Amino acid sequence: MAMTMTGEVQLAAPRESVWAKLNDPDVLKACIPGCEELERTEDGGFRAVAKMKVGPVSARFKGKVTLSDLDPPNGYKISGEGEGGVAGFAKGGAVVALAEKDGGTLLTYNVEAQIGGKLAQLGQRLINGTAKKLADEFFANFAKAVQG
């Protein structure tokens, strides 16, 4: 099952500061809902463990995250894949762009993801609703982190 999601969030911080926080594993770990571990790897990416609940299915996903198309401080592409045992798998990516706007930074994102296994049987509406909720939660946390 595939899904896409786009959005934007206005942050009251300079673009360089937002860029630095988008590349800081401690900040990302604190902002990602359910994230238990997030460590930088030798190849410039991250190893992650996150616990997620989607409807009746709860799983701990272990996976890796890579950053590519780095264009500091304008944006990057973030890609990841995770295994959740019997719950299934998730993989996808997001293009994140930063632009100066109204004395702060406008962050826009465009996400594409695929899921399989038990999760994919839950139905598109539940999956999309959960994905949107997780994204909103991440960006609310991230906005607090960049605004100090």
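Predicted model: local features only at pLDDT ≥ 70, side-chain atom pairs only at ≥ 80, totals over all residues.
The largest nonpolar core comprises 40 residues. Within this core, the residues with the most contacts are L11, V18, L22, L107 and F142. Helix α3, spanning residues 124-146, supplies the largest share of the core, namely eight residues. The surroundings of L22 were examined with its neighbours within four places in sequence set aside. On this basis, L22 is in contact with L28, Y76, V96, L98, L107 and F142. Two of these partners, L107 and F142, are themselves listed with L22 among the residues that have the most contacts inside the core.

Aromatic side chains were considered next. Over the whole structure, a search finds four aromatic pairs. In one of them, the ring centres of F138 and F139 lie 4.9 Å apart and the planes meet at 80 degrees, so this pair is edge-to-face, the cut-off for that class being over 60 degrees. F138 has a relative accessible area of 13% and is therefore buried, given that burial requires a value under 20%. For F139 the relative accessible area is 13%, so F139 is likewise buried. F138 also forms an aromatic pair with F142, and here the arrangement is stacked, with 5.7 Å from centre to centre and 15 degrees between the planes. F142 is buried, as is F138. Together with Y109, the residues F138, F139 and F142 make up one aromatic cluster.

Strand β3 (residues 46-54) pairs with strand β4 (residues 57-71) in the antiparallel sense, over nine bridges. Within this pairing, K51 has R60 of β4 as its bridge partner. The two strands, β3 and β4, form a hairpin in which two residues stand between them. G55, located in the turn, has a positive phi of about 55 degrees. On the other hand, β4 also pairs with strand β5 (residues 75-83), again in the antiparallel sense, over eight bridges. Here T66 has S79 of β5 as its bridge partner. β4 and β5 likewise form a hairpin, with three residues between the strands. Strand β4 therefore takes part in antiparallel pairing with both β3 and β5, two strands being counted as paired if at least two bridges are found between them.

Definitions and conventions: Residues numbered from 1 in each chain as written. Heavy atoms only, no water. Core = buried A, V, L, I, M, F, W, Y, C linked by side-chain atoms within 4.5 Å. Buried < 20%, exposed > 50% of the residue type's maximum accessible area, 1.4 Å probe, protein only. Helix = DSSP H or I, 4+ residues; strand = E, 2+ residues; numbered from the N terminus. Contact = heavy atoms within 4.5 Å. Phe/Tyr/Trp six-rings, centres within 6.5 Å; stacked < 30°, edge-to-face > 60°.
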